[in-house]
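Biologist: Please take a close look at the backbone of this model, loops and strands, and then follow it to the aromatic rings. Keep it brisk, and give me the cut-offs as you go.

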Amino acid sequence: MPKYAQTINIEGHSGRHTEEYERIIFTRGNYSAVEIAGDYNVIIINAGCRFDGKFVVSGDYNKITIHNDVNFNNGILIGSDSSPSVGVGNHIKCLGKTHITRDNAQYNDTNNYALQINGDYTHWEGSGMNTKVVMITTSGKAVTACAIGRNVAGNALSTATKWCIVEKTNFMVLYNGSSHGTTKYTMHVNGGQTDVACGHLIINNWFGSLLGYDSSVSTGQDATSSGGQVLLEGGTTRFVENHIEPVYTGGINLNLAGRRNFVLFNHIGHGGSIGLDMSPADNSVVSGNLVYWNDAKSTSTNAIRVGSGVDRVVVAANRIGNVSSVSDNSSNSSVGNNEGGTL
């Protein structure tokens, strides 16, 4: 039985922790791989901690507070790599400068994530630009700063992750100067399950790639390319008040591939071929967004493209540039009252 009133100080103690209903404090120092396998703990990670192995939260309903100047150098996994029923209901809150990344010398040959959220009811709460989730591109390796409901093989979980909140965090894919091609996402929600009702809320985040739009960088060197910088494949996701910086050249900044989603009041910078692409995206509402180019792109490029076969969507009250209207190939939809033209 837990003693409830005791405080457990973890001083450099890596490995698996199975305490329940306790107050656990990680003191300043270096840690290798750590797993929080117990439930209902209050966990405090003090300033100056560094985790050189993966930090895994497989227990349920833990409240984890991360203080200032904490580094997670080999990624964070909330849940397990295969099931959303593991590691559910955890609330992770960052109070100051927190850096989550992966060592690119240890990338595998499938998919590499900095923050992997698979447990249902996860609440990830950053502290704005002070909380950075960062991946560096490497030739031939697929990287994603944040993945929700996906395993390391790059596939969606057999049962989709649901009801997560991700807010106030800076997600980045940093381009290191070489030609690294496609499959570089700042966020990928689920995968191949466009019709599943996931119920996520993704709000007040910043998504970006190093250097912003640069016309001198070729399409083959795009940090995101055709896949999109942010890819939303799960349904009933609310993507609200986020900022997406431009990709280099080519590609999609926000790829809305799930059904019954809300995309509201986002700032979508755009240096490629499409700012916001909708397919299939049936029954979605896209409104109040600013989608722009960093320089004068031709009128043949699309700020917002509604794909062929998309059904019953509302795309209204968006400000787009440089074209005068939305590219619309949908059916039974309301696409209008969008303000186009050079910004």
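Modeller: Helices (H or I, at least four residues) and strands (E, at least two) are DSSP runs, numbered from the N terminus. Residues are numbered from 1 along each chain as its sequence is written, and side-chain values use heavy atoms, with hydrogens and water left out. The model is predicted: local features need pLDDT of at least 70, side-chain atom pairs count only at pLDDT 80 or more, and totals for chains, interfaces and linings use all residues.

Start with the loops. Pro280 sits in the loop between strand 27 (274-278) and strand 28 (285-287). The peptide bond from Ser279 to Pro280 is cis, with omega about 0°.

Next, positive phi. Trp163 has a phi of about 60°, yet it is not a glycine. Its loop runs between strand 16 (142-148) and strand 17 (165-174). Trp163 counts as partly exposed because its relative accessibility is 40%; buried means under 20% relative accessible area, exposed over 50%, and partly exposed in between (1.4 Å probe, protein chains only). Arg260, also not a glycine, has a positive phi near 60°. Arg260 belongs to the loop between strand 24 (252-256) and strand 25 (262-264). With a relative accessible area of 32%, Arg260 is therefore partly exposed.

Now the strands. Strands of a sheet pair through backbone hydrogen bonds, either parallel or antiparallel. Two strands pair here if DSSP finds at least two bridges between them. An open sheet of 12 strands has the order 2-5-8-11-14-16-18-21-24-27-30-33, with parallel pairing. Its edges are strand 2 (15-17) and strand 33 (327-328), each of which pairs on one side only. Strand 24 and strand 27 are joined in the parallel sense by four bridges. There, Ile252 faces Ile274 of strand 27 across the pairing.

Other strand pairs can be read in the same way. Strand 3 (residues 23-26) runs parallel to strand 6 (residues 42-45), over four bridges. Ile24 has Ile43 of strand 6 as its bridge partner. Strand 6 also runs parallel to strand 9 (residues 63-66), again with four bridges. Ile44 has Thr65 of strand 9 as its bridge partner.

That leaves the rings. A pair of aromatic rings is described by the distance of the centres and the angle of the planes. Rings of Phe, Tyr and Trp (its six-membered ring) pair if their centres lie within 6.5 Å; planes under 30 degrees apart count as stacked, over 60 as edge-to-face and the rest as tilted. The whole structure holds 12 aromatic pairs. One of them is Phe51 with Phe55, edge-to-face at 5.1 Å centre to centre and 75° between the planes. Phe51 counts as buried because its relative accessibility is 0%. Phe55 is at 3% relative accessibility, so it counts as buried. Phe207 and Phe239 are stacked instead: 5.9 Å centre to centre, 25° between the planes. This pair links distant parts of the chain, 32 residues apart, with Phe207 in strand 20 (residues 206-209) and Phe239 in strand 22 (residues 238-240). Both Phe207 and Phe239 are buried.

Finally, the cluster. Ring pairs connect Phe26, Tyr31, Phe51, Phe55 and Phe72 into one.
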